Structure formats: structure tokens, C-alpha cells
Amino acid sequence: MSTPSSSSSIWVLSNIKLQFFTRIRRFLQSKATRKRFDPSDRFDTAESRGEHNKKAENLETVQVMEKPEEEDEEEVSAIMFQRTVKMLHFGSWEEKEVAAKEIEKLAKEDVKVRKLITELGVVPVLVSMAASPVASRRRAGLTALIHLADGTYTNKALIVEAGILSKLPKTIDLVDESTTSKLAELLLSLSSLANTQFPLASLDFLPLLRDIFETDTCFDTKQSCLGALYNLSTVLENASPMVSSGVVPILLEVSSLKEISEKALATLGNLSVTSMGKKAIENSTMVPETFIDILSWEDKPKCQELSVYILMILAHQSTLQRKKMVQAGIVPVLLELVLLGSPLAQKRAMKLLQWFKDERQTKMGPHSGPQTPRFAMGSPVNQREAKEGKKMMKSLVKQSLHRNMEMITNRANAAGESSKLKSLIISTSSKSLPY
């Protein structure tokens, strides 16, 4: 006599098989050939009926010749698809590996095929394979999941829902070298869900992502890791776990490498707008020198724009950071950027230079940079102080220009840019980070 547990397991297995074969039948029906409809058949006249009959006979002859070949190809592909999915669900682990590789090939066709495959319930099995300690099995599962997730947020959400993020190894020590690139590629794909209606519930995979980035020497793998970190940084709530996982020092280090600097700077820019991220960047010994050096990359205008943006955030309402920047020699570099940088970089550099006006006579407001004090109209004392302030500002600019004139004149027409310098010297307005 069977126990309740055994009868229950038999019922569950039967139900799974029933659902499986129902989905397969639905797939076979969708693969059936669709007959083409000719509107002229409905309005056939007596005069042209003879001609239509002849055409119909010729058409039937052609269809009879072509139909067996088409049906054979579709029948073979449908049978192979049915066998592959069945093998993945009910086969041995060796058969599952073969089936996963076959699903990888099928998933490369188009998005419709990828969605159809996931409807047959293959994702949970592939996720269990991706979490397997066996290298070949894990690699087959990861590769199939990467192709299934390509170009469809629905499939990505199903993969996350199946628990892939919690089942991945916690550290790089448990992963072989041949699998790290696949892990990085899959995490890059799934991280794109961060700003969608399917947000990632957990970031427990951050230590693994950090370790892959630090240890893997492949350029493409590093790019995938940086892309994943950038996607995650676009959500403010993710800043805290990202900073806690220790990614800020790594991002600061790679930001000095021109090949991958742009994505690292963009990620740091996203983190810097949060209090925790800004503090982590400020406390680094590489700041502000690293960002100041990037300002001189004339062949990387996007990096210049991102670097000066981060410097603006660090300098905002921080006398200490502005002092460190001045001591590191930021003023001459900003003057050069005003002359030679992109329009956006020029605006940001001018804004920073406005903040470096005489700190003794300016005060940082709650929503602005340093501003020149307002004077009462007709006051001789206040007018004299205003003139002295302008003279000090002109003196600062002249000294900086003299030190850098040779370098600037070799690359720019000083006469043509004099109007920009004049507007820089005269302008005294200051607003809150509008760029």
C-alpha cells in the first residue's frame, strides 16, 4: 500500500509531464504551415475560370513537389526541439549538458524563439546547472542562460526569479578561470533590470563581481564587470551596498586607465551624489589628484566632462576639498580646460573657477557655490572692498596665465578665446550644479 507522500510525488510528476506535453503540443501547432489565401479565387468569373483552373493545376503540381520537403524539415526540427526540451527536463546530467548546448543554438535565432523556449520551463533547470560545482555543467548552463536573456527583459526577470543571484558562488575561489567571463557576461545582462519594473532584490553577488574584475585579466571581462557596476549605480538605493563591498577604490584606480576610464568615471559620478559615496571618494588618497590629471586628457573629452563633474560635487559646500584642489594645482588646469575643452567641460570648469574666488570674502550657501558678498549702494567702504576683490581675482588669473601661456598658445588661438577669459573674469554669478 502506497504512502501519502509517495502518491503525492507521483501526482506532482504526472502534473509536470502533463504541462510539458501540453506546451510541446502548443509549440508544434504554432509551427504548422499557414495556407496562403488568394483573393482572386473568391471573385472568379466564368470567362477566366478556365485560366484559373490551369493555374490551379500548375500550382497544385508545384505544391505537391515542395510540400514534402517543407513538412519534412519542420517535422524534423519540431522533433529535435521536443527531444531537447524533454532531455533537459528528464534526462541525466550528461544529457542535460547536451540539451543545454542545443538550447544555446536555438536561442541564437531570434527573440521569439527565446521566449518560446522559456515558456517550456527550461529556466529553473538551467539555473540549477549554472550553480553546479561541476565546471562543464556550470558553463553549459551559464551560456544557455546568457543567450536566453539576450534582448528580452521578460526572460531576464524569469532567470532572476528562478534564484540565479542567490545560487551563484560567493567568491572567486569557487569558480574556475574558464567560467569567470561567462559569469561577468550574465551579471552584466541581468544588471540591466536595475532601472526597470523588475528590480534586483539582492546584491549579494557584488563581492563575486568585484573579485572577477580584480583577478581576470581579459579586457572584455573587465568591461562586462564595469558595465554591471554602472547599471547598478544608476539606482540610488544601491550606493550603500556598492560602497560597502569596496568597489570605490577599484573604480578610482581604473579611472586612470584611458581604455576603460569612461565607464568607471560614470559609475563614480553616480555614487558621488549620495552622501556615503561622496564620503568614500573624498577619503581616498587618490583624490583629487586622479581627477585633476584626467582633466588634461584632450583626446578623451567625455572623461574630462565626467571628471570635472565629480570635482564639482566634491567641492560643493566643502572648504577642505577646495583647499586640497587648489594645493594640487587645479586652477591652471581648469583655465586650460576653459580654453580647449568641450562646451560642457568649459561650463563646468568656469563654475569651479568661480568657486575658487577669494575664500575669505565668500560664503558657501545651502544651494550655491562661493559668492561675492552683496554691497550696499553708495557705500565708499564697500565699493573699495569690491574693487580690491576684483583686483585680486584679476591678479590670480594673470599669474596662472603667465605660468601656462607657452603650453596654451601652442594649441589654441589666444586672441580668439579672449572673450571667454573676459567673461570668466567679469562673471560673479554662481548657481547650484546646473551642469
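Analyst: One term to begin with: a residue counts as buried when its relative accessible area is under 20%. Also, this is a predicted model.

User: OK. Is Asn 238 buried or exposed, then?
Analyst: Its relative accessible area is 12%, under the 20% limit, so Asn 238 is buried.

User: Where is Asn 238 found?
Analyst: In the loop between α11 and α12.

User: And what is Asn 238 in contact with?
Analyst: Leaving aside neighbours within four places in sequence, Asn 238 is in contact with Leu 203 and Leu 232. Leu 203 is 35 residues away from Asn 238 along the chain, and their C-alpha atoms are separated by 8.1 Å.

User: Stepping back, what secondary structure does the chain have?
Analyst: The chain has 22 helices and two strands. It has 435 residues, and 42% of them count as buried.

User: Which residues touch the most other members of the largest nonpolar core?
Analyst: Leu 126, Ile 164, Phe 291, Ile 330, Leu 334 and Leu 352, out of 98 residues in that core. Helix α17, residues 301-315, gives the core its largest share, eight residues.

User: What does Leu 126 touch?
Analyst: Not counting residues up to four places away in sequence, Leu 126 touches Leu 88, Ala 100, Gly 141, Ala 144, Leu 145 and Leu 148.

User: New topic. How many residues of helix α13 are buried?
Analyst: Six of its eight, so α13 (residues 247-254) is mostly covered. The buried ones are Val 247, Val 248, Ile 250, Leu 251, Leu 252 and Val 254.

User: What covers the buried residues of α13?
Analyst: The cover includes α10, α11, α12, α14, α15 and α16.

User: You mentioned α14 and α15. How do their axes cross?
Analyst: The axes of α14 (residues 261-272) and α15 (residues 275-282) come within 6 Å and cross at roughly 120°. The two helices are therefore oblique to each other.

User: Which residues make the contact?
Analyst: From α14, Leu 268, Leu 271 and Ser 272; from α15, Gly 277, Lys 278 and Ile 281. By type, the residues of this contact are three nonpolar, two polar and one charged.

User: Last one. Among contacts between residues at least 6 apart in sequence, how many join residues at least 24 apart?
Analyst: In this chain, 70% of them do.

Terms used: Residues numbered from 1 in each chain as written. Predicted model: local features only at pLDDT ≥ 70, side-chain atom pairs only at ≥ 80, totals over all residues. Heavy atoms only, no water. Core = buried A, V, L, I, M, F, W, Y, C linked by side-chain atoms within 4.5 Å. Buried < 20%, exposed > 50% of the residue type's maximum accessible area, 1.4 Å probe, protein only. Helix = DSSP H or I, 4+ residues; strand = E, 2+ residues; numbered from the N terminus. Contact = heavy atoms within 4.5 Å. Axes fitted to C-alpha atoms, helices over the stretch in contact; angles between N-to-C directions. Parallel < 35°, antiparallel > 145°, perpendicular 65-115°, else oblique. Nonpolar A, V, L, I, M, F, W, Y, C, P; charged D, E, K, R; others polar.
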